[in-house]
Amino acid sequence: MRNYLHIDLSQRNVSKIVVEGEELAQCGRYHIAHTLLAEGVARVDPLGTDNPLIFSVGPFAGTSFSNANRISVGCKSPLTGGIKEANSGGTFGLAMGHLEILGFTLHGMADDWLVMYITKDGEVRFDCARPYLGQGNNAVATMLHKTYGPHVSLAICGPVGEYQGLIAGIAFSDPQGRPVRLAARGGVGAVMGSKRVKAIVIDKGRTPPLHDRKKVARAVREYGKFVSEQPGPQTLHDLGTAFMADVANHVGGLPVDNFSRGQQIAGQLPMGGEAIRIQNLERGGDQSHSCMPGCMIKCSNVYAGADGREVVAPLEYETIGLMGTNCGLTEPDNVAELNAIANDLGIDSIETGATLALLMEAGLAEFGDVGYLNEALNDIRLGNERGRLLSQGAARVGEHYSVARVPVVKKQALSAYDPRVMEVTGISMMVSPQGGDHTTGNVGGYPCAGKPLAELVDASMKAQISAASADSFGMCIFGRSATDPNHQLLADTVNNIHGTQISATHIAAIGVETLRLERLFNKAAGFTDADDSLPEFFYREALPPTNNLARLEPSVIKAEIEQWWETQV
């Protein structure tokens with residue numbers, strides 16, 4: 001049994017619903033899609049009072065099950081106009097599990113800025129947020145901990161979210177209290193800002209009551225053993241997500257200078273995982289940091305500068321690709337410093353990096369001009385005229401400056417995988433209702449060259465279902481190699497936590513149903529098959545050094561996907 005909270009911000013009152021049975025395993029991304037579709041949110045103004053903001057954790061929340069305490073945030077996206085689920089690590093999901101809260105929804109809009117405080121007994125208090133407005137996330141976190149104490153977790157709407165910039169995410173506390181784990185994509189922070197909720201503070205507690213504690217403890221050890229034996233999680237543990245920069249550069253699919261090249265240099269990449277690991281360890285940085293308590297993968301890092309001091313935590317591949325090589329940067333120190341600013345602003349480094357590269361493409365600066373990038377980020381912080389324009393994201397900035405090469409799908413910037421080479425992930429970003437988001441079905445290391453489209457679609461669809469299932473259970477997709485073969489273990493563990501009776505088939509089935517619901521939502525919001533396409537330049541501009549053109553023609557991919565579904569029946 002868990003509780004779900006419905007919070008009416010205009011009236012500042014809370015209603016509580018008890019959740020039991022199979023609904024305890026219908027969480028996260030599935031719950032968001034099901035709720036938004038059922039409530040007719042597809043046609044509402046995403047920054048208006050009728051767009052609910054949903055926070056949902058999975059059935060493992062509050063336990064020590066590895067990579068299973070993530071939190072999903074969902075709403076109608078003000079960036080894409082479609083459905084959006086953005087998820088994050090950190091300690092907020094764990095704290096919700098401790099307090100036996102499965103989720104909560106923010107309804108309506110507050111009449112003044114507030115901090116929402118969820119206490120150990122599950123009560124909700126509404127406090128004045130005026131002292132925190134206009135501050136960066138680091139300062140806000142310090143102030144909140146001074147007020148509410150050290151044993152809380154935070155969800156913060158940054159200064160860009162305050163003025164409803166569409167690149168704004170929601171920042172959650174990491175295990176050390178840094179507000180750096182972002183539910184970043186799709187403008188969820190702008191929706192939080194539209195509701196005048198500056199921060200949500202939640203007390204931490206202890207592991208909640210479990211139906212069979214001994215069996216859960218045994219499953220934690222068993223799953224942990226599976227994770228430790230998989231080469232994928234081990235690579236992530238050793239090199240972090242930055243290893244993907246080495247892979248992408250090697251195969252020629254790394255975004256360089258606004259997706260105009262696929263390789264920055266031949267040979268070892270200074271911005272890659274191998275080089276960063278060596279340098280960071282020499283400086284005293286941490287290469288195996290957990291973004292959430294109990295995770296055995298530890299793919300995060302704490303990046304140290306030349307003086308040995310912390311610059312940013314973490315420095316991830318997507319930031320390296322979009323704010324780094326895509327903007328012409330060649331040194332990880334420069335990217336780390338920009339990343340730290342983005343974290344303090346609470347903004348999506350993917351969308352921001354794609355947007356900044358468009359300014360260089362438009363001739364406003366040379367690629368690699370770090371000073372210019374810092375100036376642009378400062379404008380975004382100030383919220384001046386140029387800053388507010390940039391905060392609208394790549395699609396709108398590209399249109400403003402009449403840039404021909406704008407790497408977006410459904411008005412959301414593509415992640416750091418050029419679809420002319422990294423085709424499986426390209427298919428996922430192309431067809432997902434979420435927009436250009438790699439997390440909906442990423443197989444970045446798949447050897448695509450020369451493979452038939454049917455094979456690539458098969459890999460993409462399997463990854464999309466796996467990701468949707470993981471997102472619906474509060475699990476990190478980086479554990480996929482241990483999770484996908486062990487659905488029976490997952491189902492048994494959920495049952496031993498909650499006393500439910502879900503089957504192993506429920507795990508994949510909820511992923512399939514989530515994809516179906518998301519497509520129905522986008523259709524209701526006005527999207528058509530024409531929106532499942534890459535920008536034109538991918539089809540007509542060859543990408544050095546492979547000289548590939550995109551071969552993911554929308555009508556062909558649509559037919560292959562339909563054929564794929566027929567074979568699954």
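Visitor: How many residues does helix α22 have, and what distance does it reach from its first C-alpha to its last?

Guide: In this predicted model, helix α22 covers residues 554–568, which makes 15 residues, and it reaches 21 Å from its first C-alpha to its last, close to the 21 Å expected at 1.5 Å a residue.

Visitor: Which residues of α22 are buried, and where do they fall when seen down the axis of the helix?

Guide: The general idea is that an α-helix has 3.6 residues a turn, so residues three or four places apart point the same way. In α22 the buried residues are I557, I561 and W564; seen down the axis, the buried residues of α22 fall within an arc of 60°, so they line one face of the helix. On the other side of α22, S555 and E566 are exposed.

Visitor: What do the buried residues of α22 pack against?

Guide: They pack against two helices, α16 (423–431) and α17 (453–472). I557 also belongs to the largest nonpolar core, which has 82 residues, and is among those that touch the most other members, together with V160, L315, Y317, L356, I380 and L534. Apart from that core lies another, of 47 residues, including L24, L102 and A470.

Visitor: Is R2 buried or exposed?

Guide: To judge this, one compares the relative accessible area with a cut-off, and buried means under 20%; R2 has a relative accessible area of 6%, so R2 is buried. R2 is found in strand β1, residues 2–8, and, leaving aside its neighbours within four places in sequence, R2 is in contact with residues including L24, E100, L102 and H498.

Methods: Residues are numbered from 1 along each chain as its sequence is written. This is a predicted model: local features need pLDDT of at least 70, side-chain atom pairs count only at pLDDT 80 or more; totals for chains, interfaces and linings use all residues. Side-chain values use heavy atoms; hydrogens and water are left out. Helices (H or I, at least four residues) and strands (E, at least two) are DSSP runs, numbered from the N terminus. Buried means under 20% relative accessible area, exposed over 50%, partly exposed in between (1.4 Å probe, protein chains only). Contact means heavy atoms within 4.5 Å. The expected span of a helix is 1.5 Å times one less than its number of residues. The arc is that of the directions from the helix axis to the C-beta atoms. A nonpolar core is a set of buried Ala, Val, Leu, Ile, Met, Phe, Trp, Tyr and Cys residues joined through side-chain atoms within 4.5 Å.
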